[in-house]
Amino acid sequence: MRGYELFELIQLGLGPEANRHRGVDAPARRDTAIAGGSYRSPGTLVDGFRAGDGDREVKGIVVVARASTEVLRRAAELGANLVISRQAFLGDSQDRPVSRPEPALAEKLALIERSGIAVLRLQDARTGADGRAITQALQRAIGLKSALNEAGLLDALIYRLPSTPLIDLVRRIKAATGSNAVRLIGDPGMPVQGLALATETSRPNALNPLIARADVNLLVAGEVHETETSAYVMDAMALGQQKAILLAGSIALEEPPARALAAWLKRQVSLPVTLLPSSPVLEDFG
Amino acid sequence: MIDRRTTIAALAGTLLAPAPLVRASSPLPAGLTAREVFAAIKAASGQPWDPNPTDDRIIYGRRDAPITGIATCFTASIDVLRRAKAAGLNYIVPHEASFFERYDDFAESALRDGDPVLIAKKRLLDENGMVIQRMHGHAHSRPGDAIMTGLVRRLGWEKLRAERPGMPWIELPATSARDLGRHISRRLGRKTMRMFGDPARMIRTVSISAGMPGENAQIQQLESGADAVLLGEVREPEVLGYAQDMAASRPVTVYLAGHTGEDPGMGVLAEWLQGIFPALPVRWLEAADPYSNPA
């Protein structure tokens, strides 16, 4: 099976992209100007071959949250020549350079070239039953049921749950991602009844409408603009509102869907499929 | 009124404003309006005052409001506004935006106009005759960068700072990355501070930035040859991902202290403002690390 044939198989199996960003469509005009296109616009799709030759015969597959250089080296040692990365791995959220010069990325591309590895990005939300199961692997791992409205924009990110102490959800997320280095603003004892989950790299000015909702009192995100979203939660708390925000790391949050994707692929192909952990290990000095 | 639409001609006019207005030999009187305070700050800065792109202008409040005192801060949070009120300070100078939109542009805000937090904040400001004047770019462009000066001072590293252009470069006696992380965390009052890299690695040089200078600048720091880099806020896949890739071939140590690492710089700014306004109380209202990491 060639790389592009595998990609076709995956697309057929997981269904079409949801064609929406797992965030919020916020005013984008100046964000784009300031960021130089570094942010992923609403509706931007990323799945596809981003490095290497997708036309080669696949010998083995490695699935990761982020295809770091170390992961690529390990894949080559395992004899795998196709690496599937959930998160961006080569520059910005769309795998474009953000800086010049970028020696570490040049080394990475040289390794890809040398080892004959192709890197397939697979992060878009998919609408088939199996695709939804992968997109929602984190939600499942922490005990959430279905979103308020899967077809909605904002409502697809909102979950109602039986009143649960915030600290329990923090622990579940740490266990699901394998990362202890989370940042919380909020009272760990606060009962959570409405949770908004925005796992992808946030655009500026994008997530406040989620935590501002009356039916949401916890926002879980990989990262936010601290001076916008963290600041909002702190002010809401100062006013006595029961609100909290948990930042769990936008690479770490891709570990559960990477796990689910690897498990699904093993059922689809006879090729060796290996899941490798790939989040940067962070120590917390707090 | 100076606003984001200020023309080049108006800016040139600001440049020509009489700087001696603020010299210590003729201290400004009390009883100034917000407009006069802002004009004096602009003149004393000695910089061409361009409110773009970070909107260093009067963001909120009446320009004719009589000013009773000045508070500098990281953000004009509700907590800060309450502390300012208690201290009798009504001219608030935050480093960052106040209304959850990076330019404090209500038309661009993703929040509803009727958002209860926005409404409560505006009411608090209105009821107390408060004025917010942001000072971001012009804090960074103070001689030596007031924000970096404050951070280096808070870290106790003024005497270790090397004479070189660009981000502050610190030369230390060899210290393990873990011990250095503890020092940074303690000095900055962090409840959380993340580190990437081998905790046992010995560190001799540190490149420092604060806030969010951009992926480009942060990657340049990583590539600067410093043993360790201290960063504020990063885009994770871009910057932390880059460090992760570097680590495949070179040792890397990254400390992520959060955006509030810029706060001590607003203390430096308060000292400068006190020199301009000796007749007014001027205070830096410190921000605590907002984050925790419960076990």
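This is a predicted model: local features need pLDDT of at least 70, side-chain atom pairs count only at pLDDT 80 or more; totals for chains, interfaces and linings use all residues.
Colleague: With 18 C-beta neighbours inside 10 Å, what does B:Asp145 count as?

Modeller: B:Asp145 counts as partly exposed.

Colleague: Where is B:Asp145 found?

Modeller: B:Asp145 is in the loop between α5 (137-140) and α6 (146-154) of chain B. Its backbone deserves a look too. Most residues other than glycine have a negative phi. B:Asp145 has a positive one, near 65°.

Colleague: What is phi of B:Asp104 near?

Modeller: Phi of B:Asp104 is near 55°, again a positive value in a residue other than glycine. This Asp belongs to the loop between β3 and α4 of chain B. B:Asp104 is buried, because 21 other C-beta atoms lie within 10 Å.

Colleague: Now B:Asp227. Is B:Asp227 buried or exposed?

Modeller: Count the neighbours again. B:Asp227 has 22 C-beta neighbours inside 10 Å, so it counts as buried. Its place is the loop between α8 and β8 (228-231) of chain B.

Colleague: Which residues does B:Asp227 touch, not counting those up to four places away in sequence?

Modeller: B:Ile203, B:Arg204, B:Thr205, B:Val206 and B:Thr253. B:Asp227 and B:Glu171 are 56 residues apart along the chain, and their C-alpha atoms are separated by 9.8 Å.

Colleague: Next, strands. Which way do the residues of β2(B) point?

Modeller: In a regular strand the side chains alternate between the two faces of the sheet. Strand β2 (residues 70-73) of chain B shows B:Ile70 and B:Thr72 pointing one way. B:Ala71 and B:Cys73 point the other way, and all of these are buried.

Colleague: How many bridges join β2(B) to β3(B)?

Modeller: Strands of a sheet pair through backbone hydrogen bonds, either parallel or antiparallel. Four bridges join β2(B) to strand β3 (residues 91-94) of chain B, and the two run parallel. In β3(B), B:Ile92 is the bridge partner of B:Ala71.

Colleague: On to chain A. How many helices and strands does chain A have?

Modeller: Chain A has 10 helices and 11 strands. Of its 286 residues, 54% are buried. Take the contacts in chain A with a separation of 6 or more: residues 24 or more positions apart account for 70% of them.

Colleague: In what order do the five strands of the open sheet in chain A stand?

Modeller: The order is β5-β7-β8-β9-β6 (chain A), with mixed pairing. β5 (158-165) and β6 (183-185) of chain A stand at the edges. Each has a single partner strand, so one side of each is left without a neighbour in the sheet. Neighbouring strands of this sheet are turned by 20° against each other on average, direction ignored.

Colleague: How do β8(A) and β9(A) run, parallel or antiparallel?

Modeller: Parallel, with four bridges between β8 (residues 218-221) and β9 (residues 244-247) of chain A. A:Ala221 has A:Leu247 in β9(A) as its bridge partner. Helix α9 (residues 226-238) of chain A packs on the sheet and touches β6 and β9 of chain A. Its direction makes about 150° with that of β9(A). Helix α7 (residues 166-177) of chain A lies across β5, β6, β7 (191-198), β8 and β9 of chain A, running at about 115° to β5(A).

Colleague: How far apart are the end C-alpha atoms of helix α4(A)?

Modeller: They are 18 Å apart. The 13 residues of α4 (residues 103-115) of chain A should span 18 Å at 1.5 Å a residue, which agrees.

Colleague: Which residues of α4(A) are buried?

Modeller: A:Ala104, A:Leu105, A:Lys108 and A:Ile112. Seen down the axis of α4(A), the buried residues fall within an arc of 100°, so they line one face of the helix. On the other side, A:Ala106, A:Ala110, A:Glu113 and A:Arg114 are exposed. The cover over the buried residues includes β1 (48-51), α3 (69-78) and β4 (118-121) of chain A, together with α9 of chain B. Just after α4(A), A:Gly116 takes a positive phi of about 70°.

Colleague: How many residues does the contact take from each chain?

Modeller: Chain B gives 52 residues and chain A gives 61 residues. On chain B's side, α9(B) provides the largest share, nine residues. By class, that side has 20 nonpolar, 14 polar and 18 charged residues.

Key
Residues are numbered from 1 along each chain as its sequence is written. Chains are lettered from A and ligands numbered from 1 in the order in which they are written. Two residues are in contact if their C-beta atoms, placed from the backbone, lie within 7 Å. Ala, Val, Leu, Ile, Met, Phe, Trp, Tyr, Cys and Pro count as nonpolar, Asp, Glu, Lys and Arg as charged, and the others, Gly among them, as polar. The expected span of a helix is 1.5 Å times one less than its number of residues. A residue is buried if 20 or more other C-beta atoms lie within 10 Å of its own, exposed if 12 or fewer, and partly exposed in between; C-beta atoms are placed from the backbone. The arc is that of the directions from the helix axis to the C-beta atoms. Two strands pair if DSSP finds at least two bridges between them. Axes are lines fitted to C-alpha atoms, for helices over the stretch in contact, and angles run from 0 to 180 degrees between N-to-C directions.
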